[in-house]
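Student: Can we go through this one together, step by step? I'd like to see how you get to each answer.

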Amino acid sequence: MAIEQVDAYLDSHREVFEEQLKTLLRIPSISAQPAHNDDTLRAATFVRDDLVAMGCEAELVPTKGHPIIYAERHDAPGGPTLLIYGHYDVQPPEPLEPWLSPPFEPTVRDGNIYARGATDDKGQMLTHLKAIEAWLKTAGSLPVNVKVLIEGEEEVGGAGLEAFVAEHRKRLACDYAVISDTSQFAPGIPAITYGLKGLSYFELKIQGAKTDLHSGTFGGAVANPCNALAAILASLKGADGRILIPGFYDAVRPLEDWERAAFAKLPFSESEFQASVGAPELVGEAGYSTLERKWARPTCDVNGLYGGYQGPGPKTVLPARAGAKLSFRLVPDQDPKTISQLFRAHVERVCPPGVTCEVIEYHGAPAVRVNVDTPGVRAAVRAIEAGFGTPPVFIREGGSIPVVGLLKEQLGVDTLLLGWGQSDDNLHGPNEKFSLADFHRGIKTSAHLLAELARA
Ligand code: BES
Ligand code: MN
Ligand code: MN
């Protein structure tokens with residue numbers, strides 16, 4: 001039986017796969033930092049070369065930013081086609097001080113591999129490549145047709161992928177899509193994610209006087225951009241956690257009763273969650289549980305603040321400028337464009353006298369919900385049972401994966417979001433990790449998914 005040979009190949013290649021993961025994790029492919037453009041290209045080349053070595057004709061496709069890797073195999077004429085997406089770029093590792101081992105020197109502790117990109121998304125992406133390898137090295141072919149699409153600009157919201165998908169709609173046509181770039185519900189409880197939040201990201205720039213001034217001589221008579229910024233930010237949210245921008249909730253699809261009941265049935269302890277994040281108290285929109293807030297209600301968060309004197313000791317200054325980076329996480333059916341218009345109009349309304357307010361828009365992505373009553377999802381459930389030894393629970397997540405909306409819009413396909421991570425993997429933070437056991441379970445699940453989709 002082909003699948004048994006595949007499983008045997010996976011068992012005998014665990015160490016090789018781990019070494020390959022380490023090699024990829026050693027490359028600091030930080031898409032946001034131009035100083036690392038060579039490294040980002042090296043990571044792309046690693047992925048391309050790995051696909052070629054296992055017998056896929058893979059190409060590096062240049063974009064205006066970092067290259068895309070694309071490969072196809074047509075081993076199942078008349079059979080279904082699976083599109084696999086992943087990203088080889090990673091978030092900046094800074095701040096470096098809290099890392100227990102350097103971010104680009106992958107280190108194994110307690111069965112976890114620690115490195116930037118371990119779970120997001122190099123480790124998870126690699127699981128699908130190794131599953132393809134196992135089929136090609138044993139059976140000599142794949143049980144379904146496969147298209148592999150790996151990008152290097154996910155973490156910066158680059159436009160390269162969108163252009164590629166729009167330009168190659170026919171070439172990318174598929175029956176199923178799979179992405180492993182999310183998490184399990186908890187250790188031992190694998191999950192299929194059927195909803196992700198969207199994103200609207202802004203920078204707000206406040207300008208007052210033409211230069212910094214003495215705060216005694218000028219304070220009280222000339223507007224202070226830091227004070228103005230605080231007033232604007234304070235106007236965004238009420239004490240009950242509701243966002244106060246008029247019209248913000250208009251398009252929000254309410255949580256349905258069955259969904260609230262399903263969330264409430266998941267084994268989740270608010271107090272354990274609180275202890276795990278180490279916050280003195282859990283907060284959020286009144287009337288919703290923590291899981292509902294995290295997964296299904298829109299949020300507004302300041303991601304960074306600047307302005308005024310930041311050095312040691314006091315300085316009596318009336319700053320000329322201040323600013324903030326802030327973002328809204330969106331839920332179905334909020335439209336990032338509408339949210340952007342509402343936010344701009346709100347800032348114009350509340351911008352205090354004596355300063356000018358400028359809104360700069362960064363990336364946006366719509367929230368997504370995928371259908372779970374499909375042959376693809378049923379095949380994925382069986383594959384997860386094979387790989388993890390237990391069936392998945394169905395969850396939503398608060399993160400955003402812009403390509404999911406793009407694949408739906410351009411190719412009409414619902415993505416299977418099969419995440420192998422854990423919620424404490426510290427993605428984007430210091431000491432990012434990925435469980436090696438889950439790495440291997442993910443590979444096995446992916447290998448079985450190919451077989452299950454062929455039968456679906
Ligand atoms: N893998 C994450 C998305 C994610 C995080 C899904 C946590 C589920 C749980 C992805 O790489 C990511 O970081 N996305 C960004 C959005 C992007 C436009 C920069 C995000 O969610 O902040
Ligand atoms: Mn990711
Ligand atoms: Mn990420």
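Predicted model: local features only at pLDDT ≥ 70, side-chain atom pairs only at ≥ 80, totals over all residues.

Student: What spacing do the donors of the manganese ion (ligand 3) follow along the chain?

Tutor: Start with who they are: the protein donors are Asp120 (OD), Glu155 (OE), Glu155 (OE) and His428 (NE2), lying 2.1 to 2.5 Å from the ion. Read along the chain, the donors of the manganese ion (ligand 3) give the spacing D-x34-E-x272-H.

Student: Which residue bridges the manganese ion (ligand 3) and the manganese ion (ligand 2)?

Tutor: Those two ions lie 3.6 Å apart. The residue that bridges them is Asp120.

Student: How many residues apart in sequence are the parts that Asp120 and Glu155 tie together?

Tutor: Asp120 sits in helix H4 (residues 118–138). Glu155 is in the loop between strand E6 (145–151) and helix H5 (160–167), so the pair ties together parts whose separation in sequence is 35 residues.

Student: Now the cysteines. Which two form a disulfide?

Tutor: A disulfide needs two cysteine sulfur atoms within 2.5 Å. Searching the whole structure turns up one disulfide. Its sulfur atoms are 2.2 Å apart, and the partners are Cys351 and Cys357.

Definitions and conventions
Residues numbered from 1 in each chain as written. Chains lettered and ligands numbered in written order. Heavy atoms only, no water. Donors = N, O, S within 2.8 Å, 3.2 Å for Na, K, Ca; no water. Helix = DSSP H or I, 4+ residues; strand = E, 2+ residues; numbered from the N terminus.
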